[in-house]
Amino acid sequence: MIDMMQVARREIKMGFRNPWAYSFLILFCTFSLSLLIINSQNIVEGYSGITGSMLSLILYLLPLMTLFLGSFSLTSEKEEGSWQLLSTYPMGTMSFIVGKYVGLSIVLLTIVAFGYGLMGFLSGFLGTSFDSTTYFLFLVFSCGLVMLFLTVALFIGSLSKNRWQALTISVSIWFFAIIGWPTILISVLGLLPYLWIKPLLVALTFINPAELVRLFVVIKLGGGSILGPEYFQWVEWIQKPSGSLLFAAVCLFWIVGSIIIVYWIWERGRSRG
Amino acid sequence: MATFGSPIDGSATRMTIDMKYYRRYILHIVAFLILFNVAFITPVFSIKTFASSSSKEPMISLQEIIDQSSSGASIVLDSGTYEGPVIINKKLSIRGDGSVTLLNNTQESAIAIHSNGVTLQGINIQHNTDGESTAIEVTADEVTLDNLRIHTRGYGIKLRDANRGIIQNNDIKWFIPKGAGAGNRGNGIDLYNSHDNQIEYNEISYLRDGIYLENSRNTVVNENKLFHLRYGIHCMYVDGSHLTDNEGEYNMTGAMVMGVTNVVVSDNSFRKQSENVHAQGILLYDVHKSSIERNVVEGNRVGIYMEGSSKNQLRDNAVLRNFIGIQLMGAEGNQFQSNAFIANVIEAEAIDSKDNEMKGNYWDSFQGLDLNQDGISDIPYVINPFYQNLISRNSAYQLFFQSPGMTFLSDMFTSGSEHWSADSSPLMKLNTTTPMETAEKDGTVMVTSWMLLFVSIIIIIYMGVLRS
């Protein structure tokens, strides 16, 4: 536990001395503020054009930021040799992985918190009326995205040998999950029997954190009816308070599962030398 | 009796008078006993059923009052609870001051109006049976229903073959105040084969359809308020009708207009119809040569949905904050002019819709190009049908609604774009202000954002900047 805290502390320190973190912070703030200015005449409430475009912006930016910062942090451990050094200490691999995860999520969530703080603060001056439920939902949405994509980042960092490899894999995974997702699914599922499409779509949505979190927020914003009668029961479920619990459970499952697999990868690497 | 006779003549006459009284007394007792029987013993059952709902006050029979009045009379009812059902078959004007309640627990209509020119005013009606039964049934012409408060389990007001009536200022609700509870709800105001009626200033909530018009021409539906219904206004085959200045919220569909020509739908506002998967602000199906003008549709699942309709004029509508602004399916030869589409998630979708003329609409997400500075974009606004085509083949793909990848994919499919519905001269700027709803300032957002900003800056300074 103390080991883990140490790793996390070191991670936060390194994170905030990393110029990358600040460049993403500036990027995130600039974009969200530009959106606010464009929509300064409208109210930000429920599922509308404004919240829809904000969702898209966040979906583009936050996963990319998380994947880069997360995977680079892990590969740098290998590249700079600090992992080799840490391996000689009597410290468990699990403490190392969890410490990394906790430290990185604090760094990323602080960036998100700063962005939202600035956005909410300035919206008061710009005359945009921000509905509080919508604001909190967006905050939860962003945090969820960061936490889930961080597990993916840990994967990438564990599997790649250096920063360049991590960068390439990060960008391709980002493209696959965010932009190429419908294209790939529509083309592949088109080859399958008609009746398989819907269950497969639902199952695959649980695999893609971006879609999972996006749909959760769209439904919570009150836009569930746009998904049509096919998903009526899902929508009803998620709209209830127990739906949030279900969502939290799925996220937790995601995080714990990935950390265990990442742990296994590092443990294997450690024993080999 | 003669044995009682006394020698004095005067006392004899007194005795006969006494006897008369005595007889009358017996008669009174007998009459009282009979009345008692009628009033209290035979109808024990019905008294019990009424007693449960009417706080044990004696109920006045309104039918008796009506039967005693002559045609053309004007009756002012005293406050109190009256008993239904009632049939009005002569020209009467019945008024109450709002403290008159008519209670009906039978399958009959609480008030059935079979005579022309009847006026009902200021009466509360509690109709406690469900199914097809109705609080007020009108089968006569020129009837006025004004200021009635109707709580019904079934229908509110039914007009059958009743023309030129006026239905105004009524308040029609489901019998449970908050609308909870299951059951077959009826329609608020239901017209069949009834022409030239005026339905104005009514408020209808928690029922099936607010105002249902079928085969009823030239009906005026004006300034009604319609909340929490299935369809706010539902009309079929109502040529020449006017739906104006109505207001609807939280219905499944605001106005459902089907199978009509020459109808005017104008100045209505339909908001927040977004919960149902089939919800929309205004639905136009098989509508021709009608004008849909100056309506506000805000926060609905679909703002305006149009299918199989032609030669209509849609002008100056404000389509705000809907999931889909306007959706066209097989709509041909319509004119769309000067409409404002603002803050919709998807502004417009159109498939199988040819020869529509779109001019001078404002699409807020469209980035136009105005080289000659006339306020009109030189490049057209085209409606990409990719997503709608996709989900019409398999509705499971609705999961991709406005997913960033979906917009990316739609933008790649531009072949055949010359056949897409397009606005040839979209406006660069909106000249008028839109009647968008405004939210009150929320302090929690301010406080939270201050806290978030503070905490994150502390973390950054403490962990990043300070050297320990």
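Start by selecting B:Ser133, which touches B:Gln107, B:His127, B:Gly154 and B:Tyr155, leaving aside residues up to four places away in sequence; touching, or contact, means heavy atoms within 4.5 Å. Before going on, note that this is a predicted model, where local features need pLDDT of at least 70, side-chain atom pairs count only at pLDDT 80 or more, and totals for chains, interfaces and linings use all residues. Residues are numbered from 1 along each chain as its sequence is written, chains are lettered from A and ligands numbered from 1 in the order in which they are written, and side-chain values use heavy atoms, with hydrogens and water left out.

**Around B:Ser133**

B:Ser133 sits in the loop between strand 7 (119–127) and strand 8 (134–138) of chain B. Helices (H or I, at least four residues) and strands (E, at least two) are DSSP runs, numbered from the N terminus. Is B:Ser133 buried or exposed? B:Ser133 counts as buried, at 5% relative accessibility; buried means under 20% relative accessible area, exposed over 50%, and partly exposed in between (1.4 Å probe, protein chains only). Show the side chain of B:Ser133 and you'll find that it reaches the backbone oxygen of B:Asp130 at 3.0 Å.

Now click on B:Gly154, in the loop between strand 10 (149–152) and strand 11 (155–160) of chain B. B:Gly154 is buried too, at 0% relative accessibility. Its contacts include B:Thr129, B:Gly131, B:Arg185 and B:Leu207.

Next, select B:Glu132 and B:Lys158, which form a salt bridge with the closest N and O atoms 3.9 Å apart. A salt bridge here is a side-chain nitrogen of Lys or Arg within 4 Å of a carboxyl oxygen of Asp or Glu. B:Glu132 is in the loop between strand 7 and strand 8 of chain B and B:Lys158 is in strand 11 of chain B, so the pair ties together parts 26 residues apart in sequence. B:Glu132 is exposed, with a relative accessible area of 56%, whereas B:Lys158 is buried at 10%.

**Over to chain A**

Color helix 5 of chain A: it has 34 residues, and 25 of them are buried. Just after helix 5 of chain A, look for A:Gly127, with a positive phi of about 85°.

Then pick A:Lys100 and A:Glu11, whose side chains meet in a salt bridge (2.6 Å, N to O). A:Lys100 is in helix 5 of chain A and A:Glu11 in helix 1 of chain A, 89 residues apart. Both A:Lys100 and A:Glu11 are buried.

**Last stop: where the chains meet**

Show both chains: 62 residues of chain A are in contact with 54 residues of chain B. How many salt bridges are there between chain A and chain B? The count between chain A and chain B is zero. Helix 5 of chain A gives the most to the side of chain A that touches chain B, with nine residues. That side of chain A has 34 nonpolar, 19 polar and nine charged residues; Ala, Val, Leu, Ile, Met, Phe, Trp, Tyr, Cys and Pro count as nonpolar, Asp, Glu, Lys and Arg as charged, and the others, Gly among them, as polar.

How values were computed:
Polar contact = N/O pair within 3.5 Å; in protein donor to acceptor, adjacent residues only side chain to side chain.
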